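Here is a short briefing to read alongside the structure. Have a look around first, and then we can go through a few residues, the ligand site and the overall picture together.

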Amino acid sequence: MLSGDKAIELWEQVRQKLKIEAGDTVFDNWLGLMVLSSFSHGKIVIAVRSKFHKDWIEPRYGNRIRTLWQGFSSDIYSVNLIVDESLTEKSSKKIEDSSASILNLSSPLDPRYTFEKFVVGPSNNFVAAAAERIAESDDVTFNPLVIYGGVGLGKTHLMHSIAWKIRESNPNRRVVYLSAEKFMYQFVRALRQQDTMLFKEQFRSADVLMIDDVQFIAGKNSTQEEFFHTFNALVDQNKQIIVSSDRSPADLEGIEERLRSRLGWGIVGEIHQTTYELRLGILQSKSDDLKNCTIPKAVIEFLAHKITSNIRELEGALKRLVAHSQLVGRPVTLESANDVLHDLLRVNSRRITIDAIQKKVAEYFNIRLSDMSSPRRARAVARPRQIAMYLSKQLTSKSLPDIGRTFGGRDHTTVMHAVNRIEELSIEDSLLADDIELLKRTLDS
Ligand code: ADP
Ligand code: MG
């Protein structure tokens, strides 16, 4: 399937070819005025501004345009020209006051996501302190701030907290907060409407630009390129940039090296997995906020002990308990908690991640963790890597392609081969079988 980002990229290439083939005059007067209008399910629709334009372009360049598209992607089976008279208005539209429309770029902030409601513990105190520092000061001292960590650990909460705080302490600073996904969506829309000027102006007039889940633009080349330019333009003007990501900049695959290294120029802070005390603190704080419902201390301790995956799940568990208790009209007890949450508790008790497997196996065989995803084929690293793939298949619910991706973007057939190979070998080789047994036991505990 052709993604929006890919379609935009191909369209740019088609335009470049046409420009070379038809020459500047024809391009500027006719071909260059075409706009990519939609691209779904292999159907490309290109808009021109009048019937006159269509009648001129179609017989002369219609087939060439089709051939170019299809030459770039075999997913495309139809390319049509349509007339869209509104294009004339759009392209002559003046750039509006960007400070007025900048608010439209920003996503709404969740009122519950503030610093006051963010519980700090050893796993997040460094990041929280950096976030507060940045929010309180008008000077740009660290640029960018990168907050990274696994899902449900509070990245979005912290991002919103910073935005709230800046808006509160200095309403003149223009804060733009949005997800990388929305950034891409806005960019694709701007390209489609030939409004990239407005897009650029708007983003570049932000004082603080916050992009959540930046890993989303990995592999999306034209969006990445645009983000990189916006990023540089803002840094050059000494504007603050804050991004979050589900992994460290160094581990962002599919992100161009120059962007990756720029992300590492400022402060990079990790939100680590939670500790028992932090989970306890968060549950305490969330249950204090509940109206008409008290959660016994024993239940809070029980949840903090049992639900270790992430804070979102912890919160979800608390909500379910409260909803259940209100529904049946009985207070929350240890017993009801066990009962209501049995599925969640089961999953949490057995959750083994590929990361943990890679770490353990690398440690066990005394190789570097990075060798799990490196292309090296030397036996000394290839065998442990196969064992780690095998254990990932056995102990997690991840699919073969997912596992392959985690091991340096390998193909699922490679994973399948590893699984089969280790199964065979462990029948012949009892030492290997022992290694695997031992690894399984340490991972399970
Ligand atoms: P992420 O963006 O890292 O996936 P979120 O910021 O969406 O995670 O956090 C998930 C949920 O957990 C949110 O409801 C958030 O309020 C809560 N949460 C996360 N960390 C904390 C914390 N330190 N204190 C209080 N609540 C937290
Ligand atoms: Mg988030």
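Setting aside neighbours within four places in sequence, Thr223 is in contact with Asp5, Phe183, Met184, Phe187 and Ile217. Please keep in mind that this is a predicted model.

- Thr223 belongs to helix α10, which covers residues 221-236.
- Is Thr223 buried or exposed? Its relative accessibility is 0%, so Thr223 counts as buried, the cut-off for that being under 20%.

**Ligand 1 and its shell**
- You will find ligand 1 in the second largest pocket.
- There are 18 residues around ligand 1, and those that come nearest are Val119, Gly152, Thr156, His157 and Glu315.
- Which helices each supply at least two residues of the shell around ligand 1? They are α7 (155-169), α12 (276-288) and α14 (311-328).

**Polar atoms facing ligand 1**
- On the backbone side, an N or O atom of Val119 lies 2.7 Å from a nitrogen atom of ligand 1.
- His157 places a polar side-chain atom 2.7 Å from an oxygen atom of ligand 1.
- For Tyr113, the distance from a side-chain N or O atom to an oxygen atom of ligand 1 is 3.3 Å.
- How much of ligand 1 does the protein bury? Taken alone, ligand 1 exposes 560 Å², and the protein buries 95% of that.

**Ser205 in its loop**
- Ser205 is part of the loop that runs between α9 (196-204) and β6 (208-212).
- Ser205 counts as buried because its relative accessibility is 13%, and the cut-off is under 20%.
- A polar atom in the side chain of Ser205 lies 2.9 Å from the backbone oxygen of Gln202.
- Between Ser205 and Ile82 there is a C-alpha to C-alpha distance of 35 Å, and the two are 123 residues apart in sequence.

**The protein as a whole**
- The protein has 445 residues, and buried residues make up 47% of them.
- Its secondary structure comprises 21 helices and eight strands.
- The C-alpha trace spans about 75 × 65 × 50 Å along its principal axes.
- Of the contacts in the protein with a separation of 6 or more, 74% come from residues 24 or more positions apart.

Note on methods
Residues numbered from 1 in each chain as written. Chains lettered and ligands numbered in written order. Predicted model: local features only at pLDDT ≥ 70, side-chain atom pairs only at ≥ 80, totals over all residues. Heavy atoms only, no water. Helix = DSSP H or I, 4+ residues; strand = E, 2+ residues; numbered from the N terminus. Buried < 20%, exposed > 50% of the residue type's maximum accessible area, 1.4 Å probe, protein only. Contact = heavy atoms within 4.5 Å. Near = heavy atom within 4 Å. Polar contact = N/O pair within 3.5 Å; in protein donor to acceptor, adjacent residues only side chain to side chain. Areas by Shrake-Rupley, 256 points an atom, 1.4 Å probe, with all protein chains shown as cover. 1 Å grid on protein atoms, 1.4 Å probe; cavity = no way out; pocket = protein on both sides within 12 Å on 5 of 7 lines; lining within 4 Å. Sits in = over half its atoms within 2 Å of the grid points.
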